[in-house]
Amino acid sequence: MDVEIITREAVKPSSPTPGHLREFNLCLLDQLAPVAYEPLVLFYSSFQQKFTVAHQSERLKRSLSETLSRFYPLAGRIKDDSSIECNDFGAVFVEARVSCLLSKFLEKPDAGVIRKFIPIEIASPEELTGSLVLVQANFFACGGVAIGVCISHKVADPVTFSTFMEAWAAAAFRSGESTVLPLFNASLVFPPQNISLSKPAALESMRDRCVTKRVVLDASEVAALQVKAVSESVTCPTRVEAATALIWKCAMNAARSNSEHLRYSILSQSVNLRKKTVPPLPEHTIGNLEGYFASCATECEVQLQSLVRQLRKGLQDFGENYLKKLGKDKASMAICESFQEAASMLPEGNVDFYVSTSFCRLPFYGIDFGWGKPTWVTIPAGDYKNVVSIMDAKDGKGIEAWVTLTEDDMAFFERDRELLAAASFDPVASDLIMPMSSL
């Protein structure tokens, strides 16, 4: 399948940023965030009879321009470790043509092909010097469209990503009117620090010959997993806990099948800190406002219940050790401590390190630019092994996950009987969300 780039241009804010806002201070969490792009692709079914490609493209660019005026730091460039120069250079907007039908692509969505729908590599050399927002509008031959968006992890976590997308869609749908008003006060709660950051060498060990597979659990299977995961200490496992524990369990079994030694396993997850501070921050507070906590498992802890307990314990320990400080003017110290602990757990020796990111409970399936809600929303996978990206299915009850493992581990993982009993690998996306005839 060919994706041909037609045009590439800069979309600047519709109104200039005032002089007193020309420098934007990053918060401590922004400073600590990885230097990478966070990607998302939204697929919309055919609306060719109602809108021309030129009309769709112009609507996207106009509304993006208006949205950048409100989210003015995203139209700037990273200046140094603690600030963004709000110079109104704007976002990159790419228009592309796809030489197939959307229905054909959705028959078996491929992780490698999906990456063609985003305008830049997730780990790009432009991370520190280029645009903070990049968009690629991919127009299929049938009239469908895939909107690929990359946003710098230095200024946005999944919640900020969602806030920006909602504002952009509202500007397009309501012709300039948007009820989303971003707040830029995170640096007052988490002031930037004079710190020197470098990419941990252990992260490079997570680059390997990898394979990415899409694992889908429908609503009934997720509910059944939640029941299986119940224990005395965790009486109401969440959907994400149950699905994450199953994937972690099967990934651990795969890694241990390929090793001659006992393996200790660590899984890192993120938590939205907006509701954890005292007082809580509004959800539309802009920034990378995530904390990270780790859960550990030994050879004896490979049952679903025990892994869910470890996931819950990791979150509880994070709350007891760090979150309680967020309301006592010790936020910066608490965050630095949590990151130092996470860094100390990066793999050495016979340790497997996994990272799980959740986009669940965020309203991406409600993003309507004026031609309907998405047919499918997904997260392109990156180049690191042992990474899991989890998202809601369209019904809000099922779970979809992109799992990236080494080639050897994936060979065992995709044959795991417990996983196959509960989940499907790479199913037809359109069967999950809409009848094929409507495409």
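Student: Which residue in β13 is the bridge partner of L42?
Tutor: In this predicted model, L42 is bridged to V377 of β13.

Student: In which sense do β3 and β13 pair, parallel or antiparallel?
Tutor: The pairing is antiparallel, and three bridges connect strand β3 (residues 37–44) with β13.

Student: What is the order of the open sheet?
Tutor: The six strands follow the order β1-β6-β7-β8-β3-β13, and the pairing is mixed.

Student: Which are the edge strands?
Tutor: They are β1 (3–11) and β13 (376–378), each of which pairs on one side only.

Student: And what does the twist average from one strand to the next?
Tutor: The average is 15 degrees.

Student: Which strands does helix α2 touch?
Tutor: Helix α2 (residues 53–70) packs on this sheet and touches β1, β6 (91–98), β7 (133–140) and β8 (145–152). The direction of helix α2 makes about 160 degrees with that of β6.

Student: Changing topic: how many bridges join β10 to β12?
Tutor: There are six, between strand β10 (residues 264–272) and strand β12 (residues 351–358), and these two strands run parallel.

Student: Which residue in β12 is the bridge partner of Y264?
Tutor: Y264 has V351 as its partner in β12.

Student: In what sense do β12 and β14 pair?
Tutor: β12 pairs with strand β14 (residues 387–392) in the parallel sense, through four bridges. Within that topic, S358 has I390 of β14 as its bridge partner.

Conventions:
Residues are numbered from 1 along each chain as its sequence is written. This is a predicted model: local features need pLDDT of at least 70, side-chain atom pairs count only at pLDDT 80 or more; totals for chains, interfaces and linings use all residues. Side-chain values use heavy atoms; hydrogens and water are left out. Two strands pair if DSSP finds at least two bridges between them. Axes are lines fitted to C-alpha atoms, for helices over the stretch in contact, and angles run from 0 to 180 degrees between N-to-C directions. Contact means heavy atoms within 4.5 Å.
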